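Here is a short briefing to read alongside the model.

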Amino acid sequence: MLQVIENIEKVKSRGKKPPPLDTLAQLGTDSLKKKATSKWFTQKLTKELLEIGSPLSKQYKRAYYCNQTLIQHDKNKITSKYCNSRACNLCNRIRTAKMMNGYILPLKELGDLQFVTLTEPNVKESELEECVRNQIKKISNIIEVLRKRRGINVSGIRKLECTINIVFNTYHPHVHLLVNKNCAPEFISEWLKRTPNAKLVAQHYKDADQNSLNELFKYTTKQYEIETENKTLEINVRSLDVILRAYNNKRTFQTFGEIRKIKVNEEVEELESQEYTDLPDYHYMEWEWKNKDWYNKYKEPLSNNIEPNIEIKARNKTYMKWTEKEKGIRQKEIDRNNKKNKENELLKEYQSIKIKYK
Ligand SMILES: [Zn+2]
């Protein structure tokens, strides 16, 4: 925890102004290049997502064009238009920075924290959204019971995530919490009461450290890929879309207790301005994205970004065109396999992909 907090403190002590939004994401890094890589990746990803005809197509299109034009003004400032889609890595970087800037210090002030993971058995695609909705309800209900009936002054933050099992095409929505007052065991026992098919061994908690905080606030679609050898990224387009749809319009983060007083909005403003120290010497310039970098009218590149040497492969793009018969066959396969209960064995073999919905 402590390095991030030290970083925040360094930033704070440096000036009178609060740090700019993207400060944490930028700290000590080559930020324009990072931004260009995020833009490159977001375009590759959303191009694939756009091909499946999802109800979220409009959102994916916005993400495809996020930060398409950058306006350099006042010499060292850049203003650009953000899409606010959760499929967009550019916007997710801003979200992570906002969340960290807003919550880490107040969380630290709560004293010792515990990091809790609450799970339940995997669900099918068609069950995911309802399951997520129930998880949100269960957590608010548990918090209320702890506060009102047990008199525990519980404070903290909850975050929703989802992993997938690519072998069986099942989804694993779960909840992470940072909580005070050593009340992790209470959360687990209340969760089990409300989730009869959940197993005790699948619930976890530990004392929170820097990793748990970083883990909690990371907000990215990078985990949607399977990294294999040969510099190939395989994107499971179908599952990504299913998850984005299930969590669409739901709050990934929710605070409670003392932390509720702090208002940090998960949304990314349409226009964001950032300061950079390494911009070319122009007072005003428009930079337009093309393939791997932004260029001005003189064809000069802005970030000198080098296109990543990675091939993007999209898997599972055609599911929306499956016939009912095909779906039936697939479902029978899944049910049969589930019965055999070989899930865990097979998972190791197939190298499961961890998807975190941030
Ligand atoms: Zn965006």
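**Around Tyr-60**

Leaving aside residues up to four places away in sequence, Tyr-60 touches Thr-46, Leu-49, Leu-50, Ser-54, Ser-85 and Ala-87; a contact means that two C-beta atoms, placed from the backbone, lie within 7 Å. Please keep in mind that this is a predicted model, where local features need pLDDT of at least 70, side-chain atom pairs count only at pLDDT 80 or more, and totals for chains, interfaces and linings use all residues. Residues are numbered from 1 along each chain as its sequence is written.

- Tyr-60 sits in helix α4 (residues 57-64); helices (H or I, at least four residues) and strands (E, at least two) are DSSP runs, numbered from the N terminus.
- Tyr-60 counts as buried because it has 24 C-beta neighbours inside 10 Å. The cut-offs are 20 or more other C-beta atoms within 10 Å for buried, 12 or fewer for exposed, and partly exposed in between, with C-beta atoms placed from the backbone.
- One of its contacts, Ser-85, is 25 residues away in sequence, and the C-alpha to C-alpha distance from Tyr-60 is 7.3 Å.

**The chain as a whole**

- The protein chain holds 11 helices and 13 strands.
- Of its 358 residues, 37% count as buried.
- Among contacts in the protein chain with a separation of 6 or more, 76% come from residues 24 or more positions apart.

**The five-stranded sheet**

- Five strands form an open sheet in the order β6-β3-β5-β4-β9, with antiparallel pairing; two strands pair if DSSP finds at least two bridges between them.
- β6 (204-207) and β9 (253-256) are the edge strands, and each has a single partner, so one side of each has no neighbour in the sheet.
- From one strand to the next, the twist averages 20°; axes are lines fitted to C-alpha atoms, for helices over the stretch in contact, and angles run from 0 to 180 degrees between N-to-C directions.
- Four bridges join β4 (residues 156-165) to β9 in the antiparallel sense, and Arg-158 has Gln-254 in β9 as its bridge partner.
- Helix α6 (residues 128-149) lies across β4, β5 (170-179) and β9, at about 20° to β5.

**Helix α5**

- α5 is mostly covered, with 15 of its 21 residues buried.
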